[in-house]
Amino acid sequence: MRTLLLILLMPFVASAQDTLYVQFNQSSQKIPCTIQNYTNGVFKIKVNKMDLQYEADKVSYIYVSDSNKRKDAITQDWGSYKSSIAAKTATMFKNEKTGQIMMADTVALDNVKASDIFKKAKNFLLTTPYIKNKYVVSADSTDKQIILTGKNDLTDKANPLINHAKVAYTVDFKCKDGKYRIVITYQTFDGQSSDVIMQTSQSVNFETSTNYKKYKPGDVITYDPKSPVAKFALSIINGLKDSFTNTDEEW
C-alpha cells in the first residue's frame, strides 16, 4: 500500500521524445523522432541521425516534447493547419461522367432512422435562407431524397469592377439509416464587369468560367473555404449538419 501511494505521489515526467503518427493505408505508424520544424505543410524530422520529411496530410497526430525548443511554433503551426482542414469538411471535385463541378459531404448519424433524418433535413433545406431563389424539384419521403435548385448572388461589394456575380446550382440530398449525403452541383455562372476598358456579360458553364477547367474529370479540387463560390455551399452543408446537433425545440 505504501509503495502504491509513493507511485501515485510521483510527479508526471513528460517524454523527452517527439512523436509523429503517420498514416499508411488504413493504419497509423508511431515514429519516435525529433521534430525539427513544420513549414509549408511539411514536417522535417530526425530519426536515428537520418533526416526525413512527411507531408501534413499524411500525419494524423503529433506529440512535441517540452525539451523541443521549437515546441510552441510547431504546435501553433500544426494547430492552424488542422483548423484549416476542419473548415473544409466537404470535398469539391469534377464529376467523372458529366465534368461538372460538385461539392459533397457524407455525414454519419449513428442510431438515427432514415425517416427522422429525412424529416429534419427537409425542414432545414426548405426553410434555410442560405439557398436563394429556391425551387423544390422533389421531396420524396419514400426514396428519402430531396432535390432543390437555387441561384445565389456572390457579388463582392468591395470590388468596384464587378456589377454582379451569380451562380446557379442544384442541391441533392439523400439519406438512409445512420447517414446522409448532400451534393451541390454548380450549374451556370453569370458575371458582369464594369471595367471602363472592357465590359462583359456572360452566362456560361461554371466549370469553364472560374479556372476550374484545368482539372480533369474525376479530380479532387482544392478550394479556399472563404472564397464566395465555396462559402455559400459550405453554409448550406454545415448549416444542415448543425441542424442535427441543435436540440432546441420550437413551441
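This is a short tour of the structure in your viewer, stop by stop.

**The whole chain**

Start with everything shown, and keep in mind that the model is predicted. Colour by secondary structure: the protein has four helices and 13 strands. Its chain holds 251 residues, of which 34% count as buried. Now think about contacts between residues with a separation of 6 or more: 50% of these join residues 24 or more positions apart.

Next, select residues 114-127, which form helix α3, and residues 228-243, which form helix α4. Turn the view until you can see both axes; they come within 10 Å of each other and cross at roughly 135 degrees. That angle makes α3 oblique to α4. The crossing is also right-handed.

Which residues of α3 and α4 meet? On the α3 side, show Lys 120, Ala 121, Phe 124 and Leu 125. On the α4 side, show Ile 236, Gly 239, Leu 240 and Ser 243. Taken together, the residues of this contact comprise five nonpolar, two polar and one charged.

**A closer look at Ser 243**

Stay in helix α4 and pick Ser 243. Is Ser 243 buried or exposed? Its relative accessible area is 14%, and because buried means under 20%, Ser 243 is buried. Leaving aside residues up to four places away in sequence, Ser 243 touches Lys 120 and Phe 124.

For the last stop, hide the side chains from the helix crossing and turn to the rings. A search of the whole structure finds eight aromatic pairs. One to select is Tyr 38 with Trp 78, whose ring centres are 6.4 Å apart. The planes of these two rings stand at 90 degrees, so the pair is edge-to-face.

Where do the two partners sit? Tyr 38 belongs to strand β2 (residues 27-39) and Trp 78 to helix α2 (residues 71-87), so show both elements as well.

Ring pairs link Phe 43, Tyr 38 and Trp 78 into a cluster.

How values were computed. Residues are numbered from 1 along each chain as its sequence is written. This is a predicted model: local features need pLDDT of at least 70, side-chain atom pairs count only at pLDDT 80 or more; totals for chains, interfaces and linings use all residues. Side-chain values use heavy atoms; hydrogens and water are left out. Axes are lines fitted to C-alpha atoms, for helices over the stretch in contact, and angles run from 0 to 180 degrees between N-to-C directions. Helices (H or I, at least four residues) and strands (E, at least two) are DSSP runs, numbered from the N terminus. Angles under 35 degrees count as roughly parallel, over 145 as roughly antiparallel, 65 to 115 as roughly perpendicular and the rest as oblique. A crossing is left-handed if the near helix is turned anticlockwise from the far one by less than a right angle, and right-handed if clockwise. Contact means heavy atoms within 4.5 Å. Ala, Val, Leu, Ile, Met, Phe, Trp, Tyr, Cys and Pro count as nonpolar, Asp, Glu, Lys and Arg as charged, and the others, Gly among them, as polar. Rings of Phe, Tyr and Trp (its six-membered ring) pair if their centres lie within 6.5 Å; planes under 30 degrees apart count as stacked, over 60 as edge-to-face and the rest as tilted. Buried means under 20% relative accessible area, exposed over 50%, partly exposed in between (1.4 Å probe, protein chains only).
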